[in-house]
Amino acid sequence: MKFLIFTIVGVVHLVSLGFGRVIHKNDIPQRTFQEIKEEIASYKDVAKAIINLAVYGQSQNRSYERLALLVDAVGPRLSGSKNLEKAIQIMYKNLQENGLDNVHLEPVKIPHWERGEESAMMLAPRMHKMAILGLGSSIGTPPEGITAEVLVVTSFEELQKRAPEARGKIVVYNQPYVNYPMTVQYRVRGAVEAAKVGALASLIRSVASFSIYSPHTGIQEYQDGVPKIPTACITVEDAEMMSRLASRGVRIVIQLKMGAKTYCDTESFNTVAEITGSKFPEQVVLVSGHLDSWDVGQGAMDDGGGAFISWEALSLIKDLGLRPKRTLRLVLWTAEEQGGIGASQYYQLHKVNISNYSLVMESDSGTFLPTGLQFTGSEKARAIMEEVMSLLQPLNITQVFSGGEGADINFWIQNGVPGASLQDDLYKYFAFHHSHGDTMTVMDPKQMNVAAAVWAVVSYVVADLEEMLPRS
């Protein structure tokens with residue numbers, strides 16, 4: 001999943017952007033902003049038709065129902081698992097049956113890690129079975145486990161100050177939750193930093209906005225030249241409990257057992273479908289979400305919802321008999337949770353055509369009720385996107401925010417392609433993120449309808465404009 005810090009975009013001064021005059025480049029006249037604005041306004045009826053179909057018409061609740069069919073039947077879809085490959089084959093068939101163009105699978109080599117059996121038992125000062133989830137790519141413990149005293153710290157800085165105390169112990173991080181980008185570093189780097197000071201294992205307070213004794217997993221990274229130690233996430237409640245005990249000088253002992261193993265990379269696929277453009281078929285607006293998930297819950301929210309509103313966007317456009325000038329390409333990424341593996345290989349395969357990508361879109365922060373669109377691109381492109389979003393006035397979702405990046409589309413954005421994602425309720429998202437609670441119960445069909453309508457309107461209009469979005 002992606003993480004962002006948001007700021008509201010202020011008023012764009014169109015004259016300063018050069019939109020108030022006709023610009024000539026290579027003797028090709030460029031349209032004024034007023035002309036572009038009028039062109040976008042002409043899509044008012046089309047936008048209403050998409051909204052009505054998605055939110056009030058025959059297609060309402062369709063993305064929710066499609067998602068439930070998949071995740072109830074298949075369950076979670078960890079990279080390298082049979083569940084993920086089963087889901088990919090189901091989606092391949094679904095997209096073909098939906099009558100979309102150029103439905104195909106693009107091969108990808110992806111990591112294969114399994115958590116195995118795992119447990120953590122506090123032996124002192126009392127017996128207490130702890131809920132844990134091993135972190136992705138962690139090594140396992142010896143069969144007998146690791147039994148050691150605990151050192152509780154609240155930051156990397158405190159760990160460095162207390163480095164002599166850490167040797168031979170299990171380091172427990174009880175870092176406060178500030179926001180995801182700042183706090184997730186403890187999950188990603190916690191094992192490495194603990195290993196540098198001689199710890200035997202690390203346990204990280206779950207990176208979560210709210211907890212009901214729920215551990216939250218995720219990827220962690222080892223570092224060359226640093227010993228690999230087992231690492232897992234624990235609940236907020238247990239991290240805080242051990243922190244209180246330690247503050248009173250109480251000796252804490254934990255026995256940790258983890259059966260985690262990493263296997264050879266395996267073959268998977270990015271799943272692709274299109275509505276071929278009518279005038280500029282070589283040019284692309286990409287909509288996407290990732291099909292893989294962690295191995296807990298159902299992967300309904302992260303990122304089943306994003307994948308399925310992206311499919312729904314193409315379905316809505318097709319149902320209305322619309323065919324934009326540019327190709328609308330749906331990509332359902334594989335192995336996003338392991339570091340955007342599928343998206344990275346897609347970029348390497350397709351970057352030769354980067355000049356033909358007008359906009360890349362990814363939904364991976366929840367499909368609750370969106371409050372607007374996050375966008376990264378030039379000021380001229382942002383001004384255009386503000387006009388496009390004005391078409392969503394019937395839903396009262398018109399704001400354009402900064403931060404359009406996403407784990408699977410950053411490769412394109414970093415090389416100049418405009419990018420967009422939905423702005424959503426991140427407090428709710430991180431309460432369920434990467435946990436057993438990520439199930440269909442979190443999802444709301446009416447909210448998914450609205451998210452799909454926003455996704456469809458934006459992708460269609462940008463794909464159908466006479467010109468690509470301008471770059472920096």
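**Reading a sheet, strand by strand**

Guide: Let us start with one pair in this predicted model: His104 has Val272 in β12 as its bridge partner.

Visitor: How many bridges join β3 to β12?
Guide: There are 11, and β3 and β12, residues 261-275, run antiparallel.

Visitor: What is the strand order of the open sheet?
Guide: Read across its 8 strands and you get β3-β12-β14-β13-β15-β18-β16-β17, with mixed pairing.

Visitor: Which strands stand at the edges?
Guide: Those are β3 (101-114) and β17 (399-402). Each has a single partner strand, so one side of each has no neighbour in the sheet. On average, neighbouring strands here are turned by 25° against each other, ignoring direction.

Visitor: What does helix α4 touch on the sheet?
Guide: Helix α4, residues 82-97, packs there against β3, β12 and β14 (326-333). The direction of α4 makes about 10° with that of β12.

Visitor: And which strands does α9 touch?
Guide: α9 also packs on the sheet, touching β12, β13, β14 and β18 (419-423). Its direction makes about 145° with that of β13.

Visitor: Where does Ser293 lie?
Guide: Look in the loop between β13 (280-290) and α9 (300-319).

Visitor: Is Ser293 buried or exposed?
Guide: Compare its relative accessible area with the cut-off: buried means under 20%. Ser293 has 1%, so Ser293 is buried. Leaving aside residues up to four places away in sequence, Ser293 touches Pro76, Arg77, Leu78, Ser79, Gly299, Asp302 and Glu337.

Terms used. Residues are numbered from 1 along each chain as its sequence is written. This is a predicted model: local features need pLDDT of at least 70, side-chain atom pairs count only at pLDDT 80 or more; totals for chains, interfaces and linings use all residues. Side-chain values use heavy atoms; hydrogens and water are left out. Helices (H or I, at least four residues) and strands (E, at least two) are DSSP runs, numbered from the N terminus. Buried means under 20% relative accessible area, exposed over 50%, partly exposed in between (1.4 Å probe, protein chains only). Contact means heavy atoms within 4.5 Å. Two strands pair if DSSP finds at least two bridges between them. Axes are lines fitted to C-alpha atoms, for helices over the stretch in contact, and angles run from 0 to 180 degrees between N-to-C directions.
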